[in-house]
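Subject: Structure for your review

Dear colleague,

A summary of the findings follows it.

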Number of protein chains: 2
Amino acid sequence: MRQINQTAYHHGNLRRAIIDAALEAITESGPAGWSLRELARRAGVSHAAPAHHFGDKAGLLTAVAAEGFEVFADTLERAADDVLEVGVAYVRFAIGHRPYFEVMFRPELYRVDDPSLETARERAAHVLVTSGGRLSPSPGQDRLTTIAGWSLAHGFASLWLSGALPETAHSDPEALARSVIRFLFGTTH
Amino acid sequence: MRQINQTAYHHGNLRRAIIDAALEAITESGPAGWSLRELARRAGVSHAAPAHHFGDKAGLLTAVAAEGFEVFADTLERAADDVLEVGVAYVRFAIGHRPYFEVMFRPELYRVDDPSLETARERAAHVLVTSGGRLSPSPGQDRLTTIAGWSLAHGFASLWLSGALPETAHSDPEALARSVIRFLFGTTH
DNA sequence: CTCCAATCTTGTCATCGGAAAGATTGGAGG
DNA sequence: CCTCCAATCTTTCCGATGACAAGATTGGAG
């Protein structure tokens with residue numbers, strides 16, 4: 001059993017500590033408003049310690065995005081029974097796990113060909129495509145339905161996060177998202 | 001009449017040159033993948049010259065966002081006759097003026113309380129709200145319709161720009177956007 | 001023609017990302 | 001129990017950056 005004390009040469013779980021610090025920092029000032037050195041300071045290690053685990057800044061953000069896509073896929077899969085709730089779950093993830101979301105859909109920040117990241121991303125995409133198919137009025141419109149639902153959920157989440165939506169921001173975003181989705185895809189579900 | 005030569009102490013139109021350089025740089029590597037000093041080099045001036053016109057990096061991005069919202073508002077207003085085309089115009093702007101779009105909806109990058117920026121942003125919002133009202137099935141659903149249409153257009157544009165949409169990316173995004181919008185809001189317009 | 005204010009340059013500082021080289025230590029294998 | 005290796009972390013260094021201060025240049029109003 002490791003003791004967690006301040007003088008230990010080995011941190012014990014630096015990788016996790018740095019990712020957590022990154023999530024906090026992203027929450028506070030976005031995916032670009034902080035430095036690797038600051039995260040190292042927060043974790044109580046030297047400024048070069050993170051490099052061992054992540055290589056560089058893009059490596060760290062790759063780890064963040066990969067973790068994000070896994071939580072994302074889990075969230076969507078749990079909601080997959082009720083098709084309309086998949087869209088709500090999409091919004092719930094974006095708002096409830098904002099720092100992940102803000103990295104995931106900014107591919108210039110990380111390495112998109114990371115294997116574990118790709119796996120989780122495809123898992124999430126599969127739920128979206130399946131839901132789109134089940135919601136489609138005719139087999140020929142599966143693709144259109146998927147893109148429409150995806151765009152709606154993604155757009156609502158992005159606009160809400162950026163604060164672009166009007167006074168709306170003060171109310172419950174998840175409930176509002178549910179209203180919007182049912183408004184467009186029918187209320188009979 | 002000023003001569004534009006390489007040895008002139010005064011650039012002549014540095015403000016515009018720096019903004020143009022910023023738009024190019026953002027196109028190449030996103031809103032964070034460049035430095036003020038690099039823009040100064042591209043414009044052929046010293047590294048401190050931009051500061052006189054914009055103060056700091058946030059000041060430059062404020063100018064970019066303000067200009068973007070003006071072009072944006074113009075684009076939407078021109079399409080305002082056909083309600084469904086407002087959504088298409090939204091997507092056309094995002095893809096045709098990508099560097100503007102990538103800054104505009106990232107408020108942590110600039111000063112959101114800039115007066116000229118606020119004016120243009122409200123002008124754009126007005127077109128969206130008006131279109132939502134005209135598309136709404138009943139007066140009580142004006143707000144929901146506006147948010148739905150806005151989310152759909154914004155989400156489609158964002159996903160297309162981030163490359164998240166499937167093989168779709170190879171086809172004509174504007175036509176695809178039109179299909180998606182008509183799919184959800186009816187084809188009778 | 002003069003002179004001021006806008007514009008641009010030079011110089012400086014703390015900080016950053018990244019790389020190199022060395023120190024420490026947990027734990028596998030003898 | 002001991003040794004030693006590989007993973008982990010530190011120290012040191014470099015070029016580049018954003019921001020600021022002080023000084024140089026010049027267009028154009030009067």
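The notes below take the contact between the chains and then the DNA strands.

This is a predicted model, in which local features need pLDDT of at least 70 and side-chain atom pairs count only at pLDDT 80 or more, while totals for chains, interfaces and linings use all residues. Residues are numbered from 1 along each chain as its sequence is written, and chains are lettered from A and ligands numbered from 1 in the order in which they are written.

Between the protein chains, 30 residues of chain A are in contact with 30 residues of chain B (C-beta atoms, placed from the backbone, within 7 Å). On the side of chain A that touches chain B, α8 (142–162) and α9 (173–185) of chain A are the elements that give two or more residues (helices are DSSP runs of H or I, at least four residues, numbered from the N terminus). The most come from α8(A), with 13 residues. This side of chain A divides into 16 nonpolar, 12 polar and two charged residues (Ala, Val, Leu, Ile, Met, Phe, Trp, Tyr, Cys and Pro count as nonpolar; Asp, Glu, Lys and Arg as charged; the others, Gly among them, as polar).

DNA strand C is surrounded by 20 residues, the closest being Ser35(A), Asp56(A), His11(B), Ser46(B) and Ala48(B) (near: C-beta atom, placed from the backbone, within 6 Å of the strand). α2(A) gives the most to this surface, with three residues.

Around DNA strand D there are 20 residues, and the closest are His11(A), Ser46(A), Ala48(A), Ser35(B) and Asp56(B). Here α2(B) gives the most, with three residues.

Yours sincerely

How values were computed: Contact = placed C-beta atoms within 7 Å.
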